[in-house]
Amino acid sequence: MGRYIIRRLLQAIPLLILVSVVVFILIHLLPGGPERVLFNPRLSAAAREALKVRLGLDKPIWLQYVFWLKGAVTGDFGNSFADGQLVISDIGARVPATIELFGAALLFALIIAVPLGIISAVRQYGLADYSITILGYFGISMPIFFFALIMQEIFSVKLGWLPDFGRSSDADFATGFDYFLDYLLHLILPMIVLSLAFMAGWSRYMRSSMLEVIRQDYMRTARAKGLGPVRVLLRHGIRNALIPLLTIVALDFGGIAGGAAVTETIFAWPGLGRLFLDALSARDYPVLLAMLLMSAVVVVLFNLIADVLYGVLDPRIRFG
C-alpha cells in the first residue's frame with residue numbers, strides 16, 4: 001500500500017507541473033495582463049519600468065514561471081494585488097470556513113444519497129423508486145443560484161427560521177453552546193444548497209450500482225444459505241455497490257468547488273470560493289494562480305484517496 005501511494009504521488013508530479021504551466025499561461029493571456037492591474041495610468045514611464053523590474057514582469061514569461069513555481073513549491077505565492085498581503089495568508093484565513101462547508105455538504109450528500117439509492121434499487125419500479133427518481137431529476141436540473149435564492153426567501157425571509165448570510169452573528173454570546181448553535185444555524189442553508197445537485201446525482205449512481213450488485217451470483221448464494229435480505233444487503237451488497245460511487249464522488253469534487261464559489265457568494269460565506277470570485281473580479285493574479293494550483297492538488301489527492309478506499313471496501317483489490 002505504501003509503495004503504491006508513493007508511486008501515485010510521483011506520477012502526479014508531471015501532471016501538476018503541466019497544469020501549472022497551462023494555468024500560468026492562461027492567466028497571463030487575460031486581457032490587459034498583470035501590468036494593467038498594477039500600473040496606475042498616472043505613473044511616469046520610469047516609475048512603471050521600476051515597478052515591472054521589482055515584480056519581475058520585465059523578464060520573459062518562461063522565466064517568470066520558473067520563479068513563480070520555485071516559490072510555489074515552498075509555499076510562497078507572492079503578495080496579493082488587492083490588499084498587499086501574502087497570498088498564503090489570505091488563503092489560509094479562508095480555509096477553515098471552506099473545510100467546514102465542504103465537509104458538511106459532502107457528508108450530508110452521502111448520508112442522504114446512499115440510503116435513497118439503496119431504497120430505489122430494492123424497490124425498483126415501485127412508488128418509492130419513482131418518487132426518488134423525480135426528486136433526483138429535480139436536484140440535477142435545479143441551478144444552484146436559483147435554489148439558494150428560493151431557500152433564502154422561504155426559510156429566512158418568510159419564516160425567519162434560519163440566517164440568510166454570514167458564518168455567524170455579530171452578537172456576543174454568553175456561553176460556547178449559544179455560539180455553536182448560532183454557527184450551525186448559519187451553516188444549514190449553504191450546506192443544503194451546495195449538496196443538492198451532488199446528492200441527486202449520487203443517489204442515481206448508487207441505485208445503478210446496487211441493481212448490478214443485487215443480480216450477482218454471490219448475492220443469490222447468500223440468500224440461498226438462509227441469510228435475511230437486510231443482512232445480505234448490509235454484509236455483501238452495500239460495500240461492493242459503494243466502489244463505483246467513490247469514483248464519481250472523487251471526480252465530482254471539482255464540481256463541488258465550483259458550486260461552492262456560487263454558494264459562498266450568495267450566502268456571504270467567508271470561504272475560498274468567495275475569495276476566488278473576488279480575486280477574479282479584481283484580477284488578483286497571484287491569488288488566482290495559487291488557488292487554481294491548489295485546486296488541482298486537491299483533486300489529485302481525492303482521486304488517490306478514492307483508489308485507496310477501493311482496497312478497503314473490496315478485499316479482492318490488491319495494490320502492486
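Leu301 sits in helix 12, residues 285-313 (helices, H or I, of at least four residues, and strands, E, of at least two, are DSSP runs numbered from the N terminus). This is a predicted model, in which local features need pLDDT of at least 70 and side-chain atom pairs count only at pLDDT 80 or more, while totals for chains, interfaces and linings use all residues. Residues are numbered from 1 along each chain as its sequence is written, and side-chain values use heavy atoms, with hydrogens and water left out.

Back to Leu301: with a relative accessible area of 38%, Leu301 comes out as partly exposed (buried means under 20% relative accessible area, exposed over 50%, and partly exposed in between, with a 1.4 Å probe and protein chains only).

On to the cores. The largest nonpolar core has 22 residues (a nonpolar core being a set of buried Ala, Val, Leu, Ile, Met, Phe, Trp, Tyr and Cys residues joined through side-chain atoms within 4.5 Å). Inside this core, the residues with the most contacts are Ile118, Trp202, Met206, Met210 and Leu245. Two or more residues each come from helix 5, helix 8, helix 9 (217-224) and helix 10. Leaving aside residues up to four places away in sequence, Ile118 touches Met206, Met210 and Ile238 (contact means heavy atoms within 4.5 Å). Another core, of 18 residues, lies apart from this one, and its members include Val23, Ile27, Ala72 and Val287. In soluble globular proteins, nonpolar side chains tend to be buried together.

Helix 5 (residues 87-122) also packs against helix 11 (residues 272-282), at an angle of about 140° and with the axes 8 Å apart (axes are lines fitted to C-alpha atoms, for helices over the stretch in contact, and angles run from 0 to 180 degrees between N-to-C directions). That angle makes helix 5 oblique to helix 11 (under 35 degrees counts as roughly parallel, over 145 as roughly antiparallel, 65 to 115 as roughly perpendicular, and the rest as oblique). Helix 5 brings Asp90, Ile91, Arg94, Val95 and Thr98 to the contact, and helix 11 brings Leu272, Gly273, Arg274 and Leu275.

As for salt bridges, searching the whole structure turns up 2 (a side-chain nitrogen of Lys or Arg within 4 Å of a carboxyl oxygen of Asp or Glu). In one of them, the side chains of Asp129 and Arg207 meet at 2.9 Å, N to O. Asp129 belongs to helix 6 (residues 127-141) and Arg207 to helix 8 (residues 176-214), so this pair ties together parts that are 78 residues apart in sequence. Asp129 is buried at 2% relative accessibility, and Arg207 is buried too, at 11%. Lys158 and Glu153 form a salt bridge at 3.7 Å, N to O; here Lys158 is exposed at 62% and Glu153 partly exposed at 36%.

Most residues other than glycine have a negative phi. Tyr125, however, has a positive phi, near 65°; Tyr125 is in the loop between helix 5 and helix 6 and is exposed, at 57%. Ala268 likewise has a positive phi, near 50°. The place of Ala268 is the loop between helix 10 (229-266) and helix 11, where Ala268 is partly exposed at 22% relative accessibility.
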